[in-house]
Amino acid sequence: MIRQPSRHCTVELQAVPARIGHVRRIVSAQLRYWRLDALIDPAALGVTELLANVHRHARPSKQCTVELCVLLDQLTVSVHDEDPRLPRIRVAESWETCGRGLALIAALSESWGMRPDGSGKVVWFTLPALTTAPEEARSRGCGEPLPLEDARTAAGPHIRIRGTKVG
């Protein structure tokens, strides 16, 4: 039995450095709205790593979609891009300045993975989400999407945000 409706938000963007900071702020605002403040730092760090990988490696396009989904007691953060090549964890030497992103995702998350999706791929990770009681959720309407006008203004015209009620 589902104790609380699921919550869902997607953000579409070009994974360029200037947009990654905007998405971090959107993720933080959405999690704050859902009253999942304890997940802001690990979720923002994880989404930054995944978007940095899209920026660095995805071909032919940097277009991607970030998705946040809370179902029961779990937050899933995923990034879909148009490059079908699956990433791989590698061991970075101590002097290297990159190559630790997926190892970091593995360390901060409860679970993570990747899968082919259409002509691209999805890389995802999960974090445990301690949820509120159903009565409290209904009284504050936590299944409703966050009014993201401020986030849209800060994000600029190249990021599309969709919040939907699921369940």
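Where pLDDT is low, the predicted coordinates should not be read in detail. This is a predicted model, in which local features need pLDDT of at least 70 and side-chain atom pairs count only at pLDDT 80 or more, while totals for chains, interfaces and linings use all residues. Residues are numbered from 1 along each chain as its sequence is written, and side-chain values use heavy atoms, with hydrogens and water left out.

The protein chain averages a pLDDT of 79, and 69% of the residues score at least 70. Confidence is highest in strand β3 (residues 74–81), at a mean of 97, and lowest in helix α4 (residues 134–140), at 37. Helices (H or I, at least four residues) and strands (E, at least two) are DSSP runs, numbered from the N terminus.

The largest nonpolar core holds 32 residues, and Val 23, Leu 31, Val 47, Leu 51, Val 66, Leu 75 and Val 79 touch the most other members. Such a core is a set of buried Ala, Val, Leu, Ile, Met, Phe, Trp, Tyr and Cys residues joined through side-chain atoms within 4.5 Å; buried means under 20% relative accessible area, exposed over 50%, and partly exposed in between (1.4 Å probe, protein chains only). Two or more residues each come from β1 (6–14), α1, α2 (40–57), β2, β3, α3 (101–108) and β5 (120–128), with α2 giving the largest share, 6 residues. Setting aside neighbours within four places in sequence, Leu 75 has contacts that include Leu 31, Leu 39, Ala 43, Phe 125 and Leu 127.

Buried residues of α1 include Ile 20, Val 23, Val 27 and Leu 31. After α1 comes Arg 35, with a positive phi near 60°.

Leu 72 sits in the loop between β2 (63–71) and β3, and counts as partly exposed because its relative accessible area is 46%. Its C-alpha atom is 9.3 Å from that of Arg 7, 65 residues away along the chain.

As for the cysteines, Cys 9 is buried at 1% relative accessibility, whereas Cys 69 is partly exposed at 23%. The structure holds 0 disulfides (pairs of cysteine sulfur atoms within 2.5 Å).

Definitions and conventions
pLDDT is the predictor's confidence in each residue, from 0 to 100. Contact means heavy atoms within 4.5 Å.
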